[in-house]
Amino acid sequence: QAKNRGKDQVVVFDGAMAGTAKRRMDDEIALARAITDEQLVLHYQPIIALDTGRPVGAEALVRWHRPGHGMQAPDRFIPMAEESGLIVDLGRWVLHQACRDAAGWPHQAPIMADASVSVNVSARQLTHPRFLADLQTALAETGLAPERLILEITETALISEPEAAMETLHAVRACGVQLALDDFGTGYSSLSYVQKLPATILKIDKSFVDPISGPGAGTALSEVVVKLAEAIGMRTVAEGVESPEQATALRLLGCHRGQGYTWSRPVPNAELREVAMRLAGVAGLPRSAT
Ligand code: C2E
Ligand code: MG
Ligand code: MG
Ligand code: MG
């Protein structure tokens with residue numbers, strides 16, 4: 001289109017393009033450095049069993065302390081990492097660090113002894129030839145029991161290379177590691193495909209939780225998803241639960257677990273113990289104490 005607009009505009013357009021390309025390259029170089037210079041950090045968001053109100057695990061969510069830019073949320077750099085291929089190194093670091101942190105939880109607090117750690121895995125990382133070897137290395141070097149690790153994958157991530165992904169997922173399960181289908185409902189893979197996945201956990205996307213205002217109010221879509229998961233034998237985790245009313249409504253629908261600001265935001269590993277103890281303590285308070 002630029003070509004059709006006359007000379008001056010072509011120059012302006014090219015200048016802008018060059019600027020964008022340069023910024024892009026600077027960002028990629030900075031991110032590559034972030035991985036080796038320990039600028040990445042994992043925060044953990046507790047996952048709560050809705051029937052008992054107790055924390056049963058936590059999801060690892062990566063942040064980037066970028067010098068001169070403050071703390072960057074993953075939406076600001078994960079897409080770039082995926083497009084550039086840096087996600088393979090970044091994802092390997094995340095997996096290793098999350099396993100190491102979770103291996104330490106039983107020593108931090110008895111209530112976290114069996115807690116699982118959920119780690120997000122991108123398509124490009126999953127289908128990389130070294131992925132299984134990296135996974136086994138992370139487990140062996142940290143001593144984390146494979147049953148305590150849950151890998152979160154997205155439907156959209158599986159569409160690009162369904163066969164290769166499926167083979168890897170079966171190998172992951174064979175290691176004893178669990179699989180969760182993340183952001184369920186935002187993709188558009190067929191039900192038969194979802195059913196074929198060796199995943200045992202289905203994460204209900206926040207967009208299904210948002211319309212819920214209380215039991216029976218705005219629950220139509222999440223109810224369908226919980227029923228579907230039940231029908232194919234999967235456990236459910238609701239994402240983005242922001243109010244006690246939503247938590248109650250989801251529990252009454254038969255959803256197993258919840259995650260969201262109503263319990264806790266993602267926190268640094270050093271703060272997780274305190275948050276988990278607060279959540280467990282609140283759940284354990286005798287009702288007739290007053
Ligand atoms: P996700 O896996 O669906 O993670 C849930 C996101 O929802 C997190 O955002 C979390 O902070 C946010 N969240 C949780 N509860 C609430 C709530 O009650 N209200 C609201 N408004 N938000 C809530 P975050 O940490 O910004 O991560 C965004 C996405 O970035 C993640 O979505 C995941 O897809 C991706 N991501 C994060 N860490 C990694 C990683 O290590 N590797 C890969 N490949 N992707 C990652
Ligand atoms: Mg996730
Ligand atoms: Mg999610
Ligand atoms: Mg989500």
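This is a predicted model: local features need pLDDT of at least 70, side-chain atom pairs count only at pLDDT 80 or more; totals for chains, interfaces and linings use all residues.
Local features need pLDDT of at least 70 and side-chain atom pairs count only at pLDDT 80 or more, while totals for chains, interfaces and linings use all residues. Residues are numbered from 1 along each chain as its sequence is written, chains are lettered from A and ligands numbered from 1 in the order in which they are written, and side-chain values use heavy atoms, with hydrogens and water left out.

Reader: How many residues surround ligand 1?

Author: A residue is near a molecule if one of its heavy atoms lies within 4 Å of it. The closest to ligand 1 are Arg 63, Asn 120, Ser 122, Glu 242 and Tyr 261. By class, the shell has nine nonpolar, five polar and nine charged residues. The number around ligand 1 is 23.

Reader: Which element supplies the largest share of the shell around ligand 1?

Author: Strands (E, at least two residues) and helices (H or I, at least four) are DSSP runs, numbered from the N terminus. At least two shell residues each come from β2 (55–66), α3 (87–108) and β6 (178–184). The largest share, four residues, comes from β2.

Reader: What percentage of the area exposed by ligand 1 alone does the protein bury?

Author: An oxygen atom of ligand 1 lies 2.9 Å from a polar side-chain atom of Arg 63, and an oxygen atom of ligand 1 lies 2.8 Å from a backbone N or O atom of Tyr 261. A nitrogen atom of ligand 1 is 3.0 Å from an N or O atom in the side chain of Gln 45. Taken alone, ligand 1 exposes 820 Å² (Shrake-Rupley method, 1.4 Å probe), and the share buried by the protein is 83%.

Reader: Which residue bridges the magnesium ions that are ligand 2 and ligand 3?

Author: Donors are N, O and S atoms within 2.8 Å of the metal (3.2 Å for Na, K and Ca); water is not among the atoms, so sites may look incomplete. Ligand 3 is coordinated by Asp 182 (OD), Asp 183 (OD) and Glu 239 (OE), at 1.6 to 2.5 Å. The two ions lie 3.6 Å apart, and the bridge is Asp 182.

Reader: How far apart are the magnesium ions that are ligand 4 and ligand 3?

Author: Ligand 4 is coordinated by Asp 183 (OD) and Glu 239 (OE), at 2.3 to 2.8 Å. This pair links distant parts of the chain, with Asp 183 in strand β6 and Glu 239 in the loop between β8 (235–238) and α11 (244–253). Asp 183 coordinates both ions, and their separation is 3.0 Å.

Notes
A polar contact is a pair of N or O atoms within 3.5 Å; within protein, one must be able to donate a hydrogen and the other to accept it, and residues adjacent in sequence count only if both atoms are side-chain atoms. Ala, Val, Leu, Ile, Met, Phe, Trp, Tyr, Cys and Pro count as nonpolar, Asp, Glu, Lys and Arg as charged, and the others, Gly among them, as polar.
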